[in-house]
Amino acid sequence: MAQNSNREGALLALRRMMMIRAFEERTQKLIDRGDVIGVMHSSIGQEAACVGACLALRDDDYITGTHRSHGHPIAKGSKVDRLVAELMGRSTGVCKGMAGSMHLADFSVGSLGESAIVGSSISIAVGAALANRLRGLDRVSLAFFGDGAANTGICHEGMNMASVWRLPVVFFCENNRYAVTTPLSQSMAVEHVADRAAGYGMPGVTVDGQDVRAVRDAVTEAVARARRGEGPSIVEALTYRYGDHSYRLGALSGKRDPAEVAYWRGRDPIRIETERLRDEGVATDEDFAALESGVQAELDAAVDFGRASPYPTKADLWSNMYEDSSAWEGTPWSK
Amino acid sequence: MVEVTAKAGADATLSTPLQAMNKALREALAEDQSVFVMGEDIQTGTFGMTQGLVEVFGEERIRNTPISEGAIVGAAVGAAMCGMRPVVDLSIATFAYVALDQLVNQAAKNRYLFGAQANVPATFYLISYHRSNAAAQHTDRPHPIFMGIPGFKVVAPATPNDAYGLMKAAIRDPDPVVVLADMTTVRRRGPLDGDADLVKIGQAKVVREGTDVTLVAFFTLFPALAVAEKLAAEGISVEVIDPRTLAPLDMATILRSVRKTGRLVAADIAYDTCSAASEVIASVTEAAFGSLRAPPKRVCTPMIHVPFSPPLEKQIFPDEARIEAAVRAVVATGQGATQ
């Protein structure tokens, strides 16, 4: 999609990173005000990983996500009004209010859904890739997962299966160094998730997850390999979440090494890309201000849309259950 | 090598449920390019259902998998949401425990969670073991677990006709269907002469009509029929119902029968706690208490693990003797009461 020389593409990439950050900040405000109820896992700090990975994908490629996954559909091109409405539990939400923050899915942009059971969605991406193979399509699946998910059995099973079948999958690890509160050093004996790729007979690379272009380039190579029918790859983006595991959890606040936090905040993905675009003469501070105000206006409209939208009705409790519910005819809830 | 010679149609031909499901798979694979089968060792067809398929349909569509039950089920769900109709052969039913997250949190919930943006038209095939001399880890009967998970349709065919029809219905169904075979009946020969369209998901079958007591037989159809035959000679008329589908249960057929007979026995190879049998009895008691002339009875397995030792294993499952005793006890109770 975006090329370095392509101003429009570069600004779109930056705008999506800005949108993810603004979306997360707005969601926290909506939780404070009671507009959004429930758990919220912020991806602030990880925007370049989300956006860089999706820049390498076509519109008809598939992604699967995690519990920390507001950024993934945004990066793939989802409309934020329906995402905000989903967080508010409204019928106009992308999942009609049935999913909430942890299970966003937007099939219209190839987002096959997010699983809040850590690791679980990795195998869904493998299955989507299998469907692509069997249907003779050259679509690729990209599974977003974290360093925590890298230690699940389903991650191992999915990687092995995809590799032995040479399926078009990119296993994209957002390594933010913590599984809830447990640091990487307590959960992995190797330094990088990508180090494990050799055991599956696939390539694995580790990239700077705060550099949207580095992420895009690494994933572009993995996607090209997958599309050529040469099988899956691991791309590991080293990144950091600024906040706690979930908003207002209070589990990790103040417990991380201040030097570590300062280091990563000094490598802010949006600032890195903004400064680079300015240095390259591609865009000016006026451009960035215009992008930011556009993002805020879109979110204002999204919040208004969500607030004005109705909640699902009692009928929706049943209607989403089965495509064919004829066998339940006459039972109390099926009416 | 399983010979599948039976044809649907006028000529009744003896077959087994395994052969009938093999035939259903062959026809589904031939009719619909989106159908494919995957599981462990299915190319050799260790258990018989998938024998001979790879020679006809190739390794892409008859797909041997690594021993990775979680990824097998998860991949089936992903493929199903992207335009395919996977049939997953999980073989022994307890292997499903390894894949429970994928079955419960993905297969059963995704359509609902995602606001019906995608369907999950996947079929999950399992064989329930009992009286199989395989000890506790292989010998569970997990159908109540699947009945307790919204989102699944659950079928349990006991005869070749029902195995053929329900397997075809499961593959065609737009929602996830769990097909539970029974190790003690999958190789039992019977007529295969049915038309697939005659067996719909959600329809029980009154296999033998009777007037004194309703006997609902979960994975116990043949001992139930033997008991009915024996008691008929003594003038006790037993109506035997094969539920065929466990989710949703065809309560209309069961209630119609109980309102006629006034008595109910439910036999089930599951543990008595939260079994299909206890569910039927609860539902009948709620809906037709006034029709009951005697307290209903369950004939199940006690909450004891399945022992290997063959003489011990025999004792814990519902057999003809235990079903007969329950039927006699229920029929003997409330004689003379009016409906």
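Predicted model: local features only at pLDDT ≥ 70, side-chain atom pairs only at ≥ 80, totals over all residues.
Helices, of at least four residues, and strands, of at least two, are DSSP runs that are numbered from the N terminus.

Leaving aside residues up to four places away in sequence, B:D212 touches B:I236, B:S237, B:V238, B:T261, B:R263 and B:V331. By contrast, B:I149 stands 63 residues from B:D212 in sequence and 34 Å from it in space, C-alpha to C-alpha.

Chain B also meets chain A: 42 residues of chain B are in contact with 38 residues of chain A. On the chain B side, α3 (69-81), α4 (100-107) and α5 (110-113) each supply at least two residues. The largest share, nine residues, comes from α3(B). By class, this side of chain B has 20 nonpolar, 16 polar and six charged residues.

Within chain A, two helices pack together. The axes of α2 (residues 47-55) and α8 (residues 212-227) of chain A come within 7 Å and cross at roughly 40°. The two helices are therefore oblique to each other, and α2(A) passes α8(A) in a right-handed crossing. From α2(A), the residues A:A48, A:A49, A:V51, A:G52, A:A53 and A:L55 meet A:V212, A:V215, A:R216 and A:V219 of α8(A). This contact comprises eight nonpolar residues, one polar and one charged.

Terms used: Residues numbered from 1 in each chain as written. Chains lettered and ligands numbered in written order. Axes fitted to C-alpha atoms, helices over the stretch in contact; angles between N-to-C directions. Parallel < 35°, antiparallel > 145°, perpendicular 65-115°, else oblique. Left-handed = near helix turned anticlockwise from the far one by under 90°. Contact = placed C-beta atoms within 7 Å. Nonpolar A, V, L, I, M, F, W, Y, C, P; charged D, E, K, R; others polar.
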